[in-house]
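Visitor: Please pick one part of this structure and look at it closely. Then connect that part to the rest.

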Amino acid sequence: MCDAAEDELFKGRPGQLCAHLTCSETLMPFTTEEGAGAPFHTGAMRLSLARVYD
């Protein structure tokens, strides 16, 4: 799950979801400096896929 600093659509939601999960999870926070500043979660999603596949 990823969480972008400037997310307009899902701000704070990934952390809320992680708090309710009973399975193993990893919250990946991203900053604007890393490229996660794109609107509507697209920057963070691109970064999370890069981290997962690297």
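Guide: Start at cysteine 23. Its relative accessibility is 48%, so cysteine 23 counts as partly exposed. The scale is simple: buried means under 20% relative accessible area, exposed means over 50%, and partly exposed lies in between, with a 1.4 Å probe and protein chains only as cover.

A word on provenance. This is a predicted model, in which local features need pLDDT of at least 70, side-chain atom pairs count only at pLDDT 80 or more, and totals for chains, interfaces and linings use all residues. Residues are numbered from 1 along each chain as its sequence is written, and side-chain values use heavy atoms, with hydrogens and water left out.

Cysteine 18 is buried, because its relative accessibility is 11%. Its sulfur lies 8.6 Å from the closest cysteine sulfur, that of cysteine 23, which is too far for a bond. Cysteine 23 is accordingly in no disulfide. The criterion is two cysteine sulfur atoms within 2.5 Å. Across the whole structure, the search finds zero disulfides.

What about salt bridges? The test is a side-chain nitrogen of Lys or Arg within 4 Å of a carboxyl oxygen of Asp or Glu. Arginine 51 pairs with glutamate 34, with 2.7 Å between the closest N and O atoms. Arginine 51 sits in helix H2 and glutamate 34 in the loop between strand E2 (28–30) and H2, so the pair ties together parts 17 residues apart in sequence. Both ends are partly exposed: arginine 51 has a relative accessible area of 41%, and glutamate 34 has 36%.

Helix H2 (residues 42–53) also holds leucine 49. Leucine 49 is partly exposed, at 42% relative accessibility. With Met45, Val52 and Tyr53, Leu49 forms a nonpolar surface patch of about 450 Å² accessible area together. Patch members have over 30% relative accessible area and no salt bridge; like charges are joined within 9 Å, nonpolar side chains (Val, Leu, Ile, Met, Phe, Trp, Tyr) within 5 Å. Areas come from the Shrake-Rupley method with a 1.4 Å probe; for residues, only the protein chains shown count as cover.

Now the inside. Met28, Phe30, Ala36, Ala44 and Leu47 make up the largest nonpolar core. E2 and H2 each give two or more residues to this core. A core is a set of buried Ala, Val, Leu, Ile, Met, Phe, Trp, Tyr and Cys residues joined through side-chain atoms within 4.5 Å. In soluble globular proteins, nonpolar side chains tend to be buried together.

Aspartate 7 lies in the loop between strand E1 (2–4) and helix H1 (13–20). Aspartate 7 is buried, because its relative accessibility is 5%. Glycine 43 is 36 residues away from aspartate 7 in sequence, yet their C-alpha atoms are 8.9 Å apart.

The chain has two helices and two strands, in the order β-α-β-α. Helices (H or I, at least four residues) and strands (E, at least two) are DSSP runs, numbered from the N terminus. Of the 54 residues, 26% are buried.
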